[in-house]
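Hi,

Here is the structure I promised to pass on. Have a look at it first, and then read my notes below.

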Amino acid sequence: MRILVVEDEVLVAMMLEDLLIEMGHEVVGPAFRIHDALEFARQADLHFAILDVNLAGSQSFPVADILRERHIPFVFATGYGAEGFRDGYRDDVTLHKPYDFGDLERAIAAVLVSHC
C-alpha cells in the first residue's frame, strides 16, 4: 500500500517510515507540517494514512476530513490520548505513542477490516 505519513517529529517519522517499509509498504511523505499534509491528502495517490494529531501546534483533523471524503482509511497517532479529539473522530483507531511494529500492524489491520 501507499501510506501517507504525517508526523512533525523527524525521528518518529523516520522510525515509522522504516517500520512501514519493513512491512512491505511504500511511504508517501512524510509531511511535517499541516500545509504539506493537506496537499498530500488532496493530491497524492494513497491507500492509507497515519496522522499525528498535533503537527507543530496545528491539529490534523482537516487532513482526516479530506481523507474521509476520498474514502482513504487512516489511523491517528498521538501521545496524548483521544480526550482532545474533535467530535466525529473520538472512536477512530489511534496509535498511542510510543508504539512498535506490532502496534502499528494491528492498528492498520483494524482500520482496514472496519473500512471494508
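A quick definition to start: helices (H or I, at least four residues) and strands (E, at least two) are DSSP runs, numbered from the N terminus. From that end, the elements run β-α-β-α-β-β-β-α-β-β-α, with four helices and seven strands in the protein.

Keep in mind that this is a predicted model, where local features need pLDDT of at least 70, side-chain atom pairs count only at pLDDT 80 or more, and totals for chains, interfaces and linings use all residues. Residues are numbered from 1 along each chain as its sequence is written, and side-chain values use heavy atoms, leaving out hydrogens and water.

Now zoom in on strand β6, residues 74–78.

What does β6 pair with? Two strands pair if DSSP finds at least two bridges between them. Strand β3 (residues 48–52) runs parallel to β6 and is joined to it by four bridges; there, A49 has F74 as its bridge partner. Three bridges join β6 to strand β7 (residues 94–96), also parallel, and T78 stands opposite H96 in β7.

Zooming out, 45% of the 116 residues count as buried, and the C-alpha atoms fill a box of roughly 30 × 30 × 30 Å along the principal axes.

Cheers

Notes: Buried < 20%, exposed > 50% of the residue type's maximum accessible area, 1.4 Å probe, protein only.
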